[in-house]
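User: Hi! I would like to learn how to read salt bridges in a protein model. Could you walk me through an example?

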Amino acid sequence: MKASKLAYKPVGLALGAVSGMLAGALFKQSWKVLGHDEDAPDATDEERTWREVLLAAVLQGAIFAGVKAAVDRGGATATRRLTGAWPG
């Protein structure tokens, strides 16, 4: 394994934690803006419709994937600027 890849591991883990928190907050705000309840439904919530459960799951997945990609790409770009090597 390359030294730059090994050195990036702790940075990647920290960025992953940050992106998870950021994505969670963004999803929660998005769910409120859509006019739904405070909390998104669970798949086994009997009182919620299929439509609402699937909409929440798709929205949450899209937000998490987008935020993770943006944070990972930003971290890799910053690492390249600092070290001159791409971490991947």
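Analyst: Happy to! Let's begin with two residues: Arg48 and Glu52 are both buried, where buried means under 20% relative accessible area, exposed over 50%, and partly exposed in between (1.4 Å probe, protein chains only). This is a predicted model, in which local features need pLDDT of at least 70 and side-chain atom pairs count only at pLDDT 80 or more, while totals for chains, interfaces and linings use all residues. Residues are numbered from 1 along each chain as its sequence is written, and side-chain values use heavy atoms, with hydrogens and water left out.

User: How many salt bridges does the structure hold?

Analyst: In general, side chains of opposite charge can pair when their charged atoms come close. A salt bridge is a side-chain nitrogen of Lys or Arg within 4 Å of a carboxyl oxygen of Asp or Glu. This structure has three salt bridges.

User: Which residues are linked in a network of salt bridges?

Analyst: Asp45, Arg48 and Glu52 are. Between Arg48 and Asp45, the closest N and O atoms are 3.6 Å apart; between Arg48 and Glu52, they are 3.4 Å apart. Arg48 has a relative accessible area of 18% and Glu52 has 16%, whereas Asp45 is partly exposed at 27%.

User: What about Asp72 and Lys68: how are they separated in helix 2?

Analyst: They are four residues apart in helix 2, so about one helical turn separates them. Helices (H or I, at least four residues) and strands (E, at least two) are DSSP runs, numbered from the N terminus. The side chains of Asp72 and Lys68 form a salt bridge of 2.6 Å, N to O. Asp72 is partly exposed at 26%, and Lys68 is partly exposed at 46%.
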